[in-house]
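Student: Please show me how to read a surface feature in a model.
Tutor: Here is the structure to work from.

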Amino acid sequence: MADSRAGEESAITAVDHAVIGGVVAVVVFAMLCLLIILGRYFARHKGTYFTHEAKGADDAADADTAIINAEGGQNNSEEKKEYFI
């Protein structure tokens with residue numbers, strides 16, 4: 001009778017180890033999936049944006065000269081007017 005109890009205890013511990021191993025495997029798999037999803041998200045949303053700065057402003061001495069010598073910046077304010085209602 002003692003032999004059957006020892007067999008039951010080893011079977012229970014084997015099942016416990018299998019359940020723990022399965023839970024750990026599921027958690028590791030979920031973490032890997034989360035890392036892949038976050039990696040793809042951050043690769044697509046790098047924070048790049050387009051600016052509409054004057055094209056000739058790179059080699060200007062100061063800001064005033066850059067605005068005056070701009071090729072399509074804000075130096076011609078009659079083209080577009082804003083109206084606030």
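Student: Which residues make the nonpolar surface patch?
Tutor: Patches take residues with over 30% relative accessible area and no salt bridge, joining like charges within 9 Å and nonpolar side chains (Val, Leu, Ile, Met, Phe, Trp, Tyr) within 5 Å. A salt bridge is a Lys or Arg side-chain nitrogen within 4 Å of an Asp or Glu carboxyl oxygen. Areas are Shrake-Rupley values with a 1.4 Å probe, and for residues only the protein chains shown count as cover. Here Val15, Val19, Val23, Val27, Met31, Leu34, Leu38, Tyr41 and Phe42 make a patch of about 860 Å².
Tutor: The model is predicted: local features need pLDDT of at least 70, side-chain atom pairs 80 or more, while totals for chains, interfaces and linings use all residues. Residues are numbered from 1 along each chain as its sequence is written, and side-chain values use heavy atoms, without hydrogens and water.

Student: Is Phe42 buried or exposed?
Tutor: Buried means under 20% relative accessible area, exposed over 50%, partly exposed in between (1.4 Å probe, protein chains only). Phe42 is exposed at 52%, and Tyr41 is partly exposed at 44%.
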